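Trainee: I would like to go through this structure term by term. For each label, please give me the value and the cut-off behind it.

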Amino acid sequence: MDNILERLAGLRDRLAPAERRVADRTLDHPDDITRMPMKTLAAAAKVSEPTVLRVVRALGLRGYPEFKLRVAQSLVRGLPYLHREIAPGDALDVVATKVLDSTVFAINELRATLDAGAIRRAIDIIAKAKRLDCYGVGPANGLAFDAQQKFMRYGIPAIAYLDGHLQTMSAAATGPGTVALCFSHTGAVKDIVRTAEVAAEAGAQVIAITRRDSPLARHAHVLVHVAAQENTELTAPMVSRIAHNLVIDILVTGVGLAMGEPLHEKLRRVKDSLAEQRMHEGPRPRTTRKRRHVRKTT
């Protein structure tokens, strides 16, 4: 069962302004919700009770009692220091604590919610791929590039497209045997959603690492749900990026195991090819020169 507070945080930006006030009141004071009648929450958020119900139903819940129960279950699992709680006047040690606590929470949340079946399907598809196109927009560019470098070492033709137009063009040129690996924290960025749609129409297998309830997820053949709770008003994505990187590492490790013994020779050749690029630490061995003896004349 996923964390309803994380799901609400991911849904927040797509809510109407009045509904967003319900979300903010819940996220700011989740412990109050478990003891709060619906009319009290409506009054605190300065909205009507039907507005509260719309938020509840947008989360896929049957009614307000289930909403209260799911909030209580999320609190039992622990609530992170959110990045949106970082204030301009925070001391550096407070900022560091909030960032670290958010990161620890995100890792534990990923452990609790990771779909092993989706991971296995993604590994199986990538291991058989003739070509792997890695897509990310904005901060997710780095995730696509990281995936490219790691899978390329396995001999999988992998490339990260970092420009929106190139992404769409490459997606249109895909087909059966190609895998489109798409990264997005929100899953609501137009460029990445369009790229996934075009790739699926062209016959590629689309693997999306994003939120379950996002537009990107709707175009995925395999969805790896990652919903790290993060607000980017003060900072660029941090916690969500770490969660996505961990998913990449899990997929890379799984694909390596699936490829078996033949992979070891490939990795050895890759390692040998990079050996000359490394700086050698420590003093270089001293070379001894033969002294030229000059004969003195008297």
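Mentor: Start with contact: two residues are in contact when heavy atoms lie within 4.5 Å. Keep in mind that this is a predicted model.

Trainee: What does Arg20 touch, not counting residues up to four places away in sequence?

Mentor: Arg20 touches Arg12, Asp13 and Leu15. Arg20 itself lies in helix 2, residues 17–28.

Trainee: Why does Arg20 count as partly exposed?

Mentor: Buried needs under 20% relative accessible area, and exposed needs over 50%. Arg20 has 26% relative accessibility, so it counts as partly exposed.

Trainee: How far is Arg20 from Val52, C-alpha to C-alpha?

Mentor: Their C-alpha atoms are separated by 9.8 Å. Along the chain, the two are 32 residues apart.

Trainee: What makes Thr51 buried?

Mentor: The limit is under 20%. Thr51 has 5% relative accessibility, so it counts as buried. Thr51 is found in helix 5. Leaving aside neighbours within four places in sequence, Thr51 is in contact with Ala18, Glu19 and Val22.

Trainee: Which residues of helix 5 are buried?

Mentor: In helix 5, residues 49–58, they are Thr51, Val52, Val55 and Val56. Seen down the axis of helix 5, these buried residues fall within an arc of 145 degrees, so they line one face of the helix.

Trainee: What follows helix 5?

Mentor: Gly60 follows helix 5, and its phi is positive, near 80 degrees.

Trainee: How do you know on which side the buried residues of helix 10 lie?

Mentor: In helix 10, residues 164–172, Gln167, Ser170 and Ala171 are buried. They cover an arc of only 100 degrees around the axis, which puts them on the same side of helix 10. His165 and Met169 are exposed on the other side.

Trainee: What do the buried residues of helix 10 pack against?

Mentor: They pack against strand 1 (131–136), helix 9 (141–152), strand 2 and helix 11.

Trainee: What is the strand order of the open sheet?

Mentor: The five strands have the order 2-1-3-4-5, with parallel pairing.

Trainee: Why are strand 2 and strand 5 placed at the edges?

Mentor: Strand 2 (158–161) and strand 5 (222–225) each have a single partner strand, so one side of each is left without a neighbour in the sheet. Neighbouring strands of this sheet are turned by 15 degrees against each other on average, direction ignored.

Trainee: How do you know that strand 3 and strand 4 pair?

Mentor: Pairing takes at least two bridges. Five bridges join strand 3 (residues 178–183) to strand 4 (residues 205–210), and the two run parallel.

Trainee: How many bridges link strand 4 and strand 5?

Mentor: Four bridges, in the parallel sense. Thr210 has His225 of strand 5 as its bridge partner.

Trainee: What makes strand 4 largely enclosed?

Mentor: Five of its six residues are buried, so strand 4 is largely enclosed by the rest of the structure.

Trainee: Which elements make a right-handed β-α-β unit?

Mentor: Strand 3, helix 11 (residues 190–202) and strand 4 make that unit.

Trainee: How many aromatic pairs does the structure hold?

Mentor: Two.

Trainee: Why is the pair of Tyr64 and Phe67 called tilted?

Mentor: Ring centres must lie within 6.5 Å to pair; planes under 30 degrees apart count as stacked, and over 60 as edge-to-face. The rings of Tyr64 and Phe67 have centres 5.8 Å apart and planes at 40 degrees, so the pair is tilted.

Trainee: What separates Tyr64 and Phe67 in helix 6?

Mentor: About one helical turn, because they are three residues apart in helix 6, residues 64–77.

Trainee: Are Tyr64 and Phe67 buried or exposed?

Mentor: Tyr64 has 7% relative accessibility, so it counts as buried. Phe67 is buried too, with a relative accessible area of 2%.

Trainee: What share of the whole chain counts as buried?

Mentor: Of the 298 residues of the protein chain, 43% count as buried. The chain has 13 helices and five strands.

Note on methods:
Residues are numbered from 1 along each chain as its sequence is written. This is a predicted model: local features need pLDDT of at least 70, side-chain atom pairs count only at pLDDT 80 or more; totals for chains, interfaces and linings use all residues. Side-chain values use heavy atoms; hydrogens and water are left out. Buried means under 20% relative accessible area, exposed over 50%, partly exposed in between (1.4 Å probe, protein chains only). The arc is that of the directions from the helix axis to the C-beta atoms. Axes are lines fitted to C-alpha atoms, for helices over the stretch in contact, and angles run from 0 to 180 degrees between N-to-C directions. A crossover is right-handed if, with the strands pointing away from the viewer, the path from the first strand over the helix to the second runs clockwise. Rings of Phe, Tyr and Trp (its six-membered ring) pair if their centres lie within 6.5 Å; planes under 30 degrees apart count as stacked, over 60 as edge-to-face and the rest as tilted.
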